[in-house]
Amino acid sequence: MLVKQTEKSPLPVVVLLHGGGLSDWSVEPVAEILKHDYQVVTPIIDGHGSDYFETFISIEESARKLIEYIDEQCNGKVFALCGLSLGAQIVLEVLSQRSAIAENAIIESALVFPMKAVELLAAPTYALFYGLIKQRWFSKMQAKELLIPESMFEKYYRDIMKMSKASLTNITKSNAAYSIKDSLANTNCSILILVGSLENSMMRKSAEAIHSTIEGSKLHILPDMKHGELSICNPRGYANLLSHSALAARGAEVTALNA
């Protein structure tokens, strides 16, 4: 796991974890907004972007590496852990392994109900279609599905061209197999759970399950939004929510999106 961060300072540390198939460039707009008030850490998950040479193994292994970084570089605790999709699953796993590692967390669109069929079919499917994934026209379709802005497409295409078949397979398998650990209920940080109203029912069900597991957490269903649309397409709204996360996660009305 490669880790980038803004200049060291006494400011609170915020960690922004990108989604699967993306990289640190997808969280740069949010990081730019936050960097004046926080130290911003943007890890690159194994197998992605500039860390393409390191094969992604599992969500649990990625969480272990992030905990190791926080212990070594942040004195064992940060102000906020924030993640989208695969990144959100890693945040959940970090909190499961270390309950007091963060004061706040934002969990955006994390799947926590295992999808056995997807897990089982990942290896044979990508063995057949790995070459197709590298085609520019297909990447254009995928980028549109992922709501990646046109300005970010070349970075997305560059990175997906480098991703190994092993990483792609393991990401899909780990994502589809992940479920809530019992220890997640022990976390004492303030948590805001986000899911788009236009996401599929499994994602909304997952958000509700996380909310039920973590006492005092706040669930916010984002009206008329798809998977990842808030953090990728509305960085200002996302940054505003982060700034209000401690208050929002304790049950206050979320009004920061358009602030």
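# Exercises on a predicted fold

Ser 85 is buried, with a relative accessible area of 14%; buried means under 20% relative accessible area, exposed over 50% and partly exposed in between, using a 1.4 Å probe and protein chains only. The model is predicted, so local features need pLDDT of at least 70, side-chain atom pairs count only at pLDDT 80 or more, and totals for chains, interfaces and linings use all residues. Residues are numbered from 1 along each chain as its sequence is written, and side-chain values use heavy atoms, leaving out hydrogens and water.

**Exercise 1. Find where Ser 85 sits and what it touches.**

Step 1: look in the loop between β4 and α3, and there you'll find Ser 85. Helices (H or I, at least four residues) and strands (E, at least two) are DSSP runs, numbered from the N terminus.

Step 2: skip its neighbours within four places in sequence, and Ser 85 is in contact with Gly 19, Glu 108, Ser 109, Ala 110 and His 227. Contact means heavy atoms within 4.5 Å.

Step 3: check the side chains, where a polar contact of 3.1 Å links Ser 85 to His 227. Such a contact is a pair of N or O atoms within 3.5 Å; within protein, one must be able to donate a hydrogen and the other to accept it, and residues adjacent in sequence count only if both atoms are side-chain atoms.

**Exercise 2. Work out the strand order of the sheet.**

Step 1: trace the seven strands, and you get an open, mixed sheet in the order β1-β3-β2-β4-β5-β6-β7. Two strands pair if DSSP finds at least two bridges between them.

Step 2: go to the edges, where β1 (2–5) and β7 (218–222) each have a single partner strand, so one side of each has no neighbour in the sheet.

Step 3: zoom in on one pair. β2 (residues 13–17) and β3 (residues 39–44) run parallel and are joined by three bridges; Val 15 has Val 41 in β3 as its bridge partner.

**Exercise 3. Which residues of α2 are buried, and what do they pack against?**

Step 1: α2 (residues 59–73) has 15 residues and reaches 21 Å from its first C-alpha to its last, close to the expected 21 Å, where the expected span is 1.5 Å times one less than the number of residues.

Step 2: list the buried ones: Ile 59, Ser 62, Ala 63, Lys 65, Leu 66, Ile 67, Tyr 69 and Ile 70.

Step 3: see what they pack against, namely β1, β2, β3, β4, α3 and α7 (165–177).

**Exercise 4. Find the residues with the most contacts inside the largest nonpolar core.**

Step 1: know what to look for. A nonpolar core is a set of buried Ala, Val, Leu, Ile, Met, Phe, Trp, Tyr and Cys residues joined through side-chain atoms within 4.5 Å.

Step 2: pick out the largest, with 58 residues, where Leu 81 and Leu 95 have the most contacts. Helix α3 gives the most to this core, with seven residues.

Step 3: spot the other core lying apart from it, which has 21 residues, including Leu 34 and Leu 242.

**Exercise 5. Is Leu 147 buried or exposed, and what about Asp 224?**

Step 1: Leu 147 has 16% relative accessibility, so it counts as buried.

Step 2: Asp 224 has 62%, so this residue counts as exposed.
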